[in-house]
Amino acid sequence: MDWNDSEDQADFRAEVKSFLEEAVPDRYKSDELGFASGFAWGEDRKSDDPEAVAAAAEWASALGGKGWIAPQWPAEYGGAGLSPMEQFIFNMEMTDANAPNVGGSGVSMLGPMLMVHGTDEQKAEHIPKILAGEVAWAQGYSEPGSGSDLASLQTRAIRDGDDYVINGQKIWTSGAHTADWFFVLVRTDPDAPKHRGISFVLMDAKAPGLSVRPLVNMAWSHVFNETFFEDVRVPVSNRVGEENRGWYVGMTLLDYERSNITGAVSARRTIDRLVKHANGDGKEQSRLSELGSIRHEIADRYIETEVMYNFSFRIISMQDKGLIPNYEASTSKLFNSELTQRLANTGVKTFGLHSNIWDKADARALLKASFIQSYVGSVASTIAAGTSEIQRNIIATRGLGLPRG
Ligand SMILES: Cc1cc2nc3c(=O)[nH]c(=O)nc-3n(C[C@H](O)[C@H](O)[C@H](O)COP(=O)(O)OP(=O)(O)OC[C@H]3O[C@@H](n4cnc5c(N)ncnc54)[C@H](O)[C@@H]3O)c2cc1C
């Protein structure tokens with residue numbers, strides 16, 4: 001195996017790197033946002049702070065100017081049509097530069113679904129706005145009683161003339177408070193087997209009867225929400241795909257880069273910062289010289305980060321050969337989300353009680369409180385996008401061929 005870039009890949013990497021050095025606004029470069037930087041664009045564009053709004057607009061325009069808001073989309077839809085390997089390099093460099101993605105789930109989920117299942121009108125209405133970084137989407141799938149077993153969802157849509165009338169509740173809706181549009185799974189046939197009575201609809205965030213209530217998580221971040229629908233009218237023309245076939249629309253995810261390389265790059269950055277600080281400005285607070293066990297832990301995390309890179313390389317080399325990763329993507333998702341938690345834990349332990357200062361504006365906070373904040377914030381990483389137990393089920397059944405429990 002050759003781990004090095006080919007000549008073309010090295011040229012592409014250099015192009016991305018120099019663009020990022022020039023174009024990423026200082027607000028993101030500074031690392032000030034720390035753990036939250038991945039969500040920064042969606043938050044900033046609706047912020048009360050004019051500097052944040054300006055940074056989000058400047059960044060969307062720079063990335064859009066390069067055609068890199070949707071680097072993975074095919075060129076015929078206005079994407080950059082990058083190969084999986086180029087996306088891999090692009091994602092690596094974006095993470096290394098702390099540059100937030102633009103377009104969120106509009107780029108990663110909704111756009112690709114519309115390309116496959118959308119009508120010409122739906123594509124014409126939504127795709128250009130996603131590509132221009134003008135619109136943010138939220139994903140309304142999970143409900144209070146339906147997460148891992150999503151097909152049991154109960155939000156009800158009843159046809160009334162040219163509209164559906166929708167009643168019910170979603171939960172954990174990330175970015176619903178800053179979204180302009182929602183894509184939502186609703187039940188259109190309560191008598192059909194559960195996967196076959198669901199439809200997929202697009203909903204304007206301003207639709208009367210739609211309301212969003214914040215859920216502030218235990219890291220004091222407002223990332224997700226409860227979303228309520230009371231007699232919300234959605235035109236039937238906003239349904240994507242056939243009625244009662246929404247489950248299959250909702251599960252469409254094109255086979256884009258699935259390596260989780262961003263996790264490996266962030267883990268390496270975090271270890272580098274930890275070691276540098278423990279040997280530098282934070283030497284006095286660090287417990288490295290007093291506790292050999294922490295030195296061993298840091299070495300373990302370093303090795304695990306290398307392992308994470310190898311999981312990512314494995315997936316990207318499969319995709320490069322035209323193979324479709326299946327349980328392999330679950331191994332990397334599982335390992336990455338658990339590594340994020342272990343790394344935060346090690347960071348907190350390295351500085352002992354000094355790590356407990358929560359306020360990143362406090363001059364005594366270590367590395368802007370990033371370890372304690374990610375220690376608390378990363379609890380969600382083994383739940384979001386499929387829990388670790390669900391990933392283990394996939395690895396057990398599809399990877400190891402074990403029987404279903
Ligand atoms: C940060 C974050 C952001 C999110 N953003 C969104 C969003 O934008 N839109 C959206 O629709 N949803 C979102 N979610 C919801 C997420 O998809 C669900 O939380 C997740 O699928 C788990 O569902 P649940 O919370 O209902 O837990 P449950 O499914 O009720 O699981 C509870 C526990 O039981 C275990 N379990 C369940 N089934 C099995 C099984 N078959 N075998 C073994 N163990 C099992 C689970 O692993 C878990 O430990 C988000 C969640 C988080 C944490």
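Modeller: Let us start with contact, which means heavy atoms within 4.5 Å. Leaving aside neighbours within four places in sequence, F313 is in contact with W3 and F88. This is a predicted model, in which local features need pLDDT of at least 70 and side-chain atom pairs count only at pLDDT 80 or more, while totals for chains, interfaces and linings use all residues. Residues are numbered from 1 along each chain as its sequence is written, and side-chain values use heavy atoms, with hydrogens and water left out.

Biologist: In which element does F313 lie?

Modeller: Helices (H or I, at least four residues) and strands (E, at least two) are DSSP runs, numbered from the N terminus. F313 belongs to helix α10. The chain holds 13 helices and eight strands.

Biologist: How does one read the packing of α9 and α11?

Modeller: Axes are lines fitted to C-alpha atoms, for helices over the stretch in contact, and angles run from 0 to 180 degrees between N-to-C directions. Helix α9 (residues 261–279) packs with helix α11 (residues 327–350) at an angle of about 10°, and their axes are 10 Å apart. Angles under 35 degrees count as roughly parallel, over 145 as roughly antiparallel, 65 to 115 as roughly perpendicular and the rest as oblique. The two helices, α9 and α11, are therefore roughly parallel to each other. From α9, the residues G263, A264, A267, T270, I271, L274 and A278 make the contact, and from α11, N336, L339, L343, G347 and T350.

Biologist: Into which classes do the residues of this contact divide?

Modeller: Ala, Val, Leu, Ile, Met, Phe, Trp, Tyr, Cys and Pro count as nonpolar, Asp, Glu, Lys and Arg as charged, and the others, Gly among them, as polar. In the contact of α9 with α11, seven residues are nonpolar, five are polar and none is charged.

Biologist: What lines the largest cavity?

Modeller: On a 1 Å grid over the protein atoms alone, a cavity is a set of points where a 1.4 Å probe fits but cannot get out, and a pocket is an open set with protein on both sides within 12 Å along at least five of seven lines; lining residues have an atom within 4 Å of a point. The lining of the largest cavity consists of G347, V348, F351, H354, S355, I357, L366, A369, F371 and I372. Two or more of these residues come from each of α11 and α12 (370–377). By class, the lining of the largest cavity has seven nonpolar, three polar and no charged residues.

Biologist: Which residues lie closest to the centre of the second largest pocket?

Modeller: Of the 16 residues that line this pocket, D2, W3, N4, Q9 and M85 are the closest to its centre.
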